[in-house]
Structures are given as structure tokens and as C-alpha cells.
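Subject: Two-chain model for you to look at

Hi,

Here is the structure I promised to pass on. Please open it alongside this note; what I found follows below.

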Amino acid sequence: MSMKSVLETLESVNSKYLMFHAKTSDTDAGDAKFLFSAKDNLTSKDMETCAGSRILEGYFPAFDATVIAKMREAGGKLIGKTNMDEFGFGTFSTNSGFEIPRNPYDLERACGGSSGGSACAAAVFEDHVSLGVSTGGSICCPASFCGVYGIAPTYGRVSRYGLIDYGNSLDKIGILSAKAGDLRKYIGVIAGRDERDPTSCVQPELKNEGRRMKSVAVPKEGVEGLSKDVEAAFNNALEELRRMGIDVETVDMPSLKYAMPAYYVLATSEASTNLARYVGMRYGRQDGDYTLKFDEFFSGVRSRYFGDEAKRRILLGTFTRMAGYSDRYYSKARQVRQVVIQDYKRVLQDHDAVLAPTMPFTAPRFDDISKMSALDNYKADYLTVPANIAGTPHMSVPCGYGSDGMPIGMQFVADHWDEDVLFTMAEDWEKEFEMKRPEVGA
Amino acid sequence: MDRETVERVARTAHIKLTEDEIRRYGNDLAEILTYFELLDEAPGSEERGINPVEIADVLRNDEPRMEIDPDILLKDMDTYERYVRGPRLS
């Protein structure tokens, strides 16, 4: 598919899959070397940026996020801003204030979240790379559900300047693509120190040595609670890895079961402070009633435009930080994060990566998602949150298809700053794994 | 979570809740916090870093600069004579 034909069919393809919140109307790629899309929580000069929230409706940023600027400098043309859960708050992209992207393998099913639109675009368009953002699994989960490769690099590897914050100690910008080679190529484009994000300024150089994995560790805690299809596909993938000459060893990682509650405490604590800035002034929705006193004005705008899950997470995060509760929740969660990091470091002394399925089930149907409680949603993230609170680089690669025809992914977690070993794994795996692309019609 | 706590948290967070939301979020948060009791039995750590990797303070030179023209920023803001409009303080 040429760049021109992608652009010419953008409108009709998007009306089927709903991956874009905003998109280009250009039908000519001009001098562009490649097309890319970006999650809608990355600021872009020429397209509305809402992060999936109605409170930001009408926000046209005055600057490009560092990652978008770098992709443009490398010759990329931004074709659309992808739909997502509001501020990244979700596992299925169904918590969007706007359009909900549809899974390319079955339109009645979710793309995963929160970078659902990005995974959808990566699966649907040929030669397409999409920028995603992961806070608790928001790159690997949708990559798994949409059958593409996805990588979240080490925390601090990629500048977050221009990213609309969810949880500052957790947010990581990464790459989704149907081609394994794009992970190395485009992390190479967006990584690097940026004085506008001090957390990016301590990173060691990104290596490109092609180092191969010799040994992976499968934690017992990572193969519990799986659907039959996921378990079968994962076991087949382990056989394939052994055939490739990689040792597979089962290990104990007792800290993993504490990662989910620790993650939701840290993430909502940070989110509730970050979202305090949205009060109906300066950007986005500015239609509050100026006759009201400031308290009433702020509460009015926030209550009207924040969605259901945003309110829930603000309440949860505000509570867990409150005097009398913060020791039990926030302080303890920070300690648990360190325990999880130590657990990874211990296992990674003897292994190149920790490996488990990315998600415990295949992409669920929208009608089943609507029956899930908030806690059910959070629990679905138990495999992706540990690497995210540890800030360790992690990658989902497609590893099979369920009896429902839906893609299944597995997630490799490497040590801090060791993206190279993940890139090489993806490139080797692509040669062995037969990917089934979805049938795409406009 | 009891009604009084939900209302107090919502007030702190500048969110107005309907009767239905108070009940619904109260139930949801109670269920979630019960699950979070798992943290009570989790091992602790002497280390309590804010970030998952070590971060050094990196400061730029203290030289004034302006990268974005304020008029461009003001363009999309609700303003009155180049002042950003906001609600009454009292």
C-alpha cells in the first residue's frame, strides 16, 4: 500500500475502525519518507489534542511533543491522533470521551488500551508506525489484542516533553508496529536526552549490538489465571523459543502479586494531582459560569467534562494520599515498587528477560466489557503492571491466535536500559512466527 | 466507603457528585480498597525512591528565554484585554 493510497482511503478506513480522533485531510505525502500516527495524549501543533477527554476539547497545542518533533525531523508525516482511554485510564480504550476503536480482527471486540487506536492503526495500515504511551501496560496490552509488536522502553529513555501526564513516575512513550524491525528503528529516532525532561538526561547510550537472549525466566505468578487459548499459545511459543536455542526456566517472583494494588495507588495518586490543572481555564473547555465563585466554577467544569473512570481515579488517588491514609497506601506502594525492582534485578542476574503472556485473555467483546466492575478492569492488568512500576523495558510480540481467531501476545521484560536484547528478540521471532494480518476493507 | 468519606474526598478533588454517583463510587471504592488490603501483607523496603530509575537533577543555565510567543498561547484562551479570564475569588 503506497503512502498516497493510505492517505486517500484514510477517511473510509477510519470510519470502519475508528482509530483516529483527529486526522490529516492531506491526500499527498509530499516529501515524507514514512507515515506515522501518535496517541492523542502527545501534543501536536497541527491537530487537536484531547487525550481522550472532553475537558480538553478544542485544545490546539502551540508546540509539538519532543517525540512528534523527532519523528517529523526523521521524515515522518503525522497522519492522525489515535483514540485512547481518557488520559490513559483503561484497559480497553472504552473509557474514551470520543470514539472507541474497533479491533481489526473482530469489530465487536476491543483493541485493548489505553493506546488502542495506535495498536489498531499499526495492525490495519501496512508500513505504519504508531507512537503509544504506557503507564501500566498501555502499549503491550493493545499490541497483544491487535496482534502487533509493541515496546515500552526504560523509564527515562524517551523525553516526555509534550506528553499529557497521567503518572509522572510511570509514563513511558514507545512504539507499536506490525514490523519487528520498527522497534529498533523508531526507538532509535525518539530516544535521547532532552533538557525539557530532566528524567531523560541520565540515560546511558542506547545500544544496537544485536545481543541475543540465551535464557528467559517464566515466573509461576505470570502463568496463573490464563484462559485456555492463551495458555496453549504461550506453551507453544515456549517450545519455539527452546527450538531457537533459548533456555526457558520457571522461577518464583513473589512480589508480582503486590504490583497491581501498588500500581493503582501510585498511578491514581499521581493522576489526581496532575488532573488538578483542568479547571476550565487556559485550554480545552472554557465555558464555565463566571458568575460563580472559583470553587463552584472549577467543580462545575470538572464534573461536567471528566468521564466516569477519570472521576473514579481522581477520587481513589485523592483518598490514598489523604492524611491518615497515605502511610498505608501511597508510602507502602512506593516501597512495594522497590521490592518489585529488586525481584526483577535478582532474576535478571541469571536470565536475559522475564517472560509471560501479555494479557490473560484475548480481546473481549464490548458487551462483556460493559459487565465488568472497576476492580475487574484493574485486575486484568496483573501481567503488565509489574514491569511498568519497575520502569523496566518491556515488549509484547504476537505469539499465536485463539480459537476465536483473536491474536495472543507474550511479554518480555529486560533489565533497565537493555532495550537492545528486546529488539533482537523481536527481529529473530519475526522470522519464526507466522503473523496473520487482519483482512482490511474500507 | 461511607457516604461522608466519599463526599469529603470529592470536595477535596473539586468534583460534584450526584446521589447516584455517591452510591456507585462508594461501592466501587470500597471493593477496590478491600482488594488493596493485599498491600498490608506486602514486604516493605528501606528504599522509597519516587522514580523507578535513579534521576539526577539536571538544571539548565539560568538565562531568560522565550520559546513560544505568548500571543500564540493567548489565541485559544478566553481573555479580557490580554488577561486570562478566570472565576471570582470571593
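Chain B has a mean pLDDT of 92. In that chain, 100% of the residues reach 70 or more. Keep in mind that this is a predicted model. Its scores are ipTM 0.95 and pTM 0.97. One caution on reading any such model: where pLDDT is low, the predicted coordinates should not be read in detail.

How do the axes of helix 1 and helix 2 of chain B cross? They come within 10 Å and cross at roughly 105°. An angle of 65 to 115 degrees counts as roughly perpendicular, so helix 1 of chain B is roughly perpendicular to helix 2 of chain B. From helix 1 of chain B, the residues that meet helix 2 are Arg3(B), Val6(B) and Glu7(B). Facing them in helix 2 of chain B are Ile22(B), Tyr25(B) and Gly26(B). By class, this contact has 3 nonpolar, 1 polar and 2 charged residues.

Next, the interface. On the chain B side, 46 residues are in contact with 56 residues of chain A. Four helices of chain B each give two or more residues to that side: helix 1 (3–12), helix 2 (19–36), helix 3 (38–41) and helix 4 (70–75). Which element gives the largest share? That is helix 2 of chain B, with 7 residues. By class, the side of chain B that touches chain A has 26 nonpolar, 8 polar and 12 charged residues.

Now chain A. Look for an open sheet of 11 strands with mixed pairing. The strand order is 1-3-2-6-8-7-12-13-11-9-10. Strand 1 (20–23) and strand 10 (247–251) of chain A are the edges, and each pairs on one side only. From one strand to the next, the twist averages 30°.

Helix 15 (residues 419–432) of chain A packs on this sheet. Helix 15 touches strand 7 (149–152), strand 11, strand 12 (394–401) and strand 13 of chain A. The direction of helix 15 makes about 20° with that of strand 12 of chain A.

Two of the strands touched by helix 15 deserve a look of their own. Strand 11 (residues 353–357) and strand 13 (residues 407–413) of chain A pair in the antiparallel sense, over 4 bridges. Within strand 13 of chain A, Met410(A) is the residue that Pro357(A) stands opposite.

Best wishes

How values were computed: Residues are numbered from 1 along each chain as its sequence is written. Chains are lettered from A and ligands numbered from 1 in the order in which they are written. This is a predicted model: local features need pLDDT of at least 70, side-chain atom pairs count only at pLDDT 80 or more; totals for chains, interfaces and linings use all residues. Two strands pair if DSSP finds at least two bridges between them. Axes are lines fitted to C-alpha atoms, for helices over the stretch in contact, and angles run from 0 to 180 degrees between N-to-C directions. Two residues are in contact if their C-beta atoms, placed from the backbone, lie within 7 Å. Ala, Val, Leu, Ile, Met, Phe, Trp, Tyr, Cys and Pro count as nonpolar, Asp, Glu, Lys and Arg as charged, and the others, Gly among them, as polar. pLDDT is the predictor's confidence in each residue, from 0 to 100. Angles under 35 degrees count as roughly parallel, over 145 as roughly antiparallel, 65 to 115 as roughly perpendicular and the rest as oblique.
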